[in-house]
Amino acid sequence: MHSESIRWPAEAIWEAVVPQLPGFTVEVLPEVDSTNTELMRRARAGQPEPILLVAERQTAGRGRLGRDWQSDTEAGIATLTFSLGLPLNPADWSGLSLAVGLSVVQSLHPALQLKWPNDVWLHDRKLAGILIETTSVGKRRYAVIGIGINILARDGEGMRTPPAALSEVLPKTDAPAALLAVVPPLVHMVRRFEAQGFAPVRAAFHGRDLLYGREVTCTDGTTGIARGVDAGGALLVHTAGGLQKISSAEVSVRPGAIAENSSGTAG
Ligand code: BTN
């Protein structure tokens, strides 16, 4: 599937975003290794421009923690993959990934939830993943916010549970419509985060928090009941020894409570 056969709403997105992000451009590629890799490459080569890069196919998509993010044969239709790159200089970076996840779920559907720190889940299965990377360009930082969203159902071969798809709750949606729904509010959220940090959206995060009140086990050995996040986005876990803050561990819920699928479309 190539760019001439998918009608991407590049102009509508550009018109909505450019007032917030002067110099912003939209680019659609039929194929690239990874939209994140490409924008990091460009920034390191001296092009730290504000840009939305959409790929109809990624040949080496990347997920968090060094995992792969696989596209299928109908990438561009079944899966939406894109990265937003922009210069970003918040006073405190804590909670950026949570704010990004929150923006995605708010833009797409009320049934979507967030599994800390920023996986998007639907009906206890992963629907979308987010990979945020940053690099220095002179004295400034450049952020690349990569998002992969399952639009259509997949068979989930090789996975413990098949990933969720947006079409389960929005049967008439498609990748271009989802892109248009997500990107302008995402830019607004990121600019707001840059000015005000995570704290102003913490309560909204709690409204979408999949883990809240559930028994969780963290890879650092912490176990207890999830109690939301603090003003910097750290996960709060009520343990036998009191309230613990988790900043970097992976979290799983008690077996049976949620069908685990740690990597969505990722392999
Ligand atoms: C995760 O859940 O581990 C994060 C997955 C992020 C996937 C997206 S797809 C667009 C962008 N390009 C990449 O290579 N990764 C992100």
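Which residue of β10 does I225 stand opposite? I225 stands opposite H238 in this predicted model.

The model is predicted, with local features requiring pLDDT of at least 70 and side-chain atom pairs counting only at pLDDT 80 or more, whereas totals for chains, interfaces and linings use all residues. Residues are numbered from 1 along each chain as its sequence is written, and side-chain values use heavy atoms, leaving out hydrogens and water.

Helices (H or I, at least four residues) and strands (E, at least two) are DSSP runs numbered from the N terminus. Two strands pair if DSSP finds at least two bridges between them.

| Strands | Sense | Bridges | Residues between strands |
|---|---|---|---|
| β8 (residues 215-218) and β9 (residues 223-229) | antiparallel | 3 bridges | 4 residues |
| β9 and β10 (residues 235-239) | antiparallel | 3 bridges | 5 residues |

In the hairpin of β8 and β9, G221 in the turn has a positive phi of about 100 degrees; T217 has T223 as its bridge partner in β9. In the hairpin of β9 and β10, G233 takes a positive phi near 90 degrees.

Helix α3 (residues 96-108) packs against helix α4 (residues 175-196) at an angle of about 145 degrees, their axes lying 9 Å apart. Axes are lines fitted to C-alpha atoms, for helices over the stretch in contact, and angles run from 0 to 180 degrees between N-to-C directions. Residues in contact (heavy atoms within 4.5 Å) include L96, A99 and V100 in α3, and A178, A181 and V182 in α4. By class, this contact of α3 with α4 has 14 nonpolar, 3 polar and no charged residues, where Ala, Val, Leu, Ile, Met, Phe, Trp, Tyr, Cys and Pro count as nonpolar, Asp, Glu, Lys and Arg as charged, and the others, Gly among them, as polar.
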